[in-house]
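Here are a few notes for you on how the two parts of this protein meet. Have the picture open while you read.

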Amino acid sequence: MVRPAFLSRFLAHAPSRLALRWEGVDHTYGDLRALGEATAGWLAEVGVRPGDRVAIQLENGLDLVAAHLGCMALGAVRVPMNAHYRAAEVAPIVEDAAPVLVLTGTPELYPHTRTAPAPGRAAPLGHWAGPDDITALLFTSGTTGRPKGVPQTWAMWTHNLDALHARWHLAPDDVLWLTLPCFHTHGLVLGLHGALLRGARVLLSERFDPIPPPPEATHFYGVPTYYRRWLPLMQESPAAFRGFRLMVSGSDGLSAEVNDAVLAATGKRVLERYGMTETVMITSNPYEGERKAGTVGTPLEGNEVRVVEGEVQVRGPSVFGGYWPRPDPSAFTADGFFRTGDAGEWDEDGYLRIVGRKKDLVIVGGVNVSPAEVEHVLAQAAGVREVGVCGLPDADLNEVVAAAVVLDGSCSVEQTLAALREAARGLSGLKRPRRYAVVEALPRNALGKLQRARIAVEVVFPPPSPS
Ligand code: MLC
Ligand code: AMP
């Protein structure tokens, strides 16, 4: 069987090279290969076959790395799951992905699915998947409320990461401090797999905290919230950031103000790039040349990017082939461009600026939240006739979720708000509304369709309350 180029390149890194530090222990590329082989052997022993889907719901750590390496070695398709998800959030994903096994620290979320704790036992190397095989199936918050499965292939990853690394001059001697959760495209594909492809080194942390970076770190990838939270330390101890050759921001817009403040404090301009789970990275600012704050740069090599009626559209080798198992042909134009649903415009130098969203999506701390999904959960609360969800600007998380509620009169306002908060506990933290407002009616168009963008503008929300 032909090995995907990604794997051949991963296997070609000198076994003695440092690859990963976790909890103060260094692991070489040789160690990671052994870990992958051992895990693949264990997966095969418990009945996983090449091509099977294995869900991985783990927080950052060696178990998560072992699970991915094991699936890579065996040729199993990973289904990364958000470690913060609750039972009702994992259920539709499990239904659609139908994994043969879930590797998780929270088996109680999967009453009807075979689960296992994190792996790790010696056995021979397994099989390899072909180059165009799907390597991961990621679920992204759909605007309809149900998460959509995005099959990512080895080829998408290799094309995109090569283009990105060429743009960023990422080299094997670079050291990435990885604090992003490794179940979204940003942390998993760009962070973990980007480094493994390049032969670079990862210092893996459980989560982001605004602390001084490890002195060896040369690279950092973050969502805008990370930079905002870091600013006070950057201003107080800029020397702590001297080791960074590159700081990258993405997953949501980094305001020019924050980027300028980072520059003023550290002398370094954050490089902003733009992408999606469906497309991996679409555009990026340059490493050399002008990094323009408030823009997401120019198309990556191989990507054709256009703006049609204000919407960014992209075609190229790192764009996925369609949602699975529920295809949505309307996601693509007749000539094969993927419709991002993001509103963009080109500046005079050909840099793209993301100016809004045409899709109903709230992005909280870099995490996509579907208003429809939140509405569906809140509508179950006693006392609610109907509910509309929108995003409100937030200084820390860029946006937070807010809900406008029409009461049905069966309970008091206080009882309904308590029931809403209780219902929201079925959702992971970032999806829970921070603000509620009781309204007489929701804004709708002439056809009765909910106008979520108008909620944010027309409804007066009381100050934030505990989630
Ligand atoms: C935290 N919570 C999450 C979550 N992270 N819920 C869903 N998804 C997540 N990723 C929940 C916790 O369980 C908790 O719930 C509550 O939110 C508060 O948790 P916290 O850890 O105190 O939150 P905080 O420190 O405020 O975390 C915010 C954050 C973090 C911004 C630091 O969310 C984060 O690291 N975000 C990065 C997201 C990311 O990687 N996005 C990339 C998407 S890929 P409870 O129940 O305990 O209250 C993509 C493509 C691209 O967009 O272009 O990159
Ligand atoms: P996801 O589906 O989690 O991969 O999120 C993709 C979405 O994140 C995009 O469609 C954009 O709306 C948003 N996004 C990613 N990067 C940026 C950026 N640099 N600026 C603005 N929005 C971004």
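1. Start with the distance: the C-alpha centres of domain 1 and domain 2 sit 30 Å apart. The assignment, which is automatic or from a database, runs domain 1 over 1–358 and domain 2 over 362–458.

2. Before going on, some ground rules. This is a predicted model, where local features need pLDDT of at least 70 and side-chain atom pairs count only at pLDDT 80 or more, while totals for chains, interfaces and linings use all residues. Residues are numbered from 1 along each chain as its sequence is written, and side-chain values use heavy atoms, with hydrogens and water left out.

3. Now, who touches whom? In contact (heavy atoms within 4.5 Å) are 21 residues of domain 1 and 22 residues of domain 2. Together the domains bury about 1600 Å², with 38% of it on carbon and sulfur atoms; buried area is the accessible area (1.4 Å probe) that two parts lose on being put together, summed over both.

4. How many salt bridges cross the interface of domain 1 and domain 2? The rule (a side-chain nitrogen of Lys or Arg within 4 Å of a carboxyl oxygen of Asp or Glu) finds 3. Look also at Arg-357 and Glu-399, whose side chains form a salt bridge at 3.0 Å, N to O.

5. Helices here are DSSP runs (H or I, at least four residues), numbered from the N terminus. On the side of domain 1 that touches domain 2, helix H4 (87–97) and helix H7 (224–236) each bring at least two residues. The largest share, 4 residues, belongs to H7.

Conventions: Chains are lettered from A and ligands numbered from 1 in the order in which they are written.
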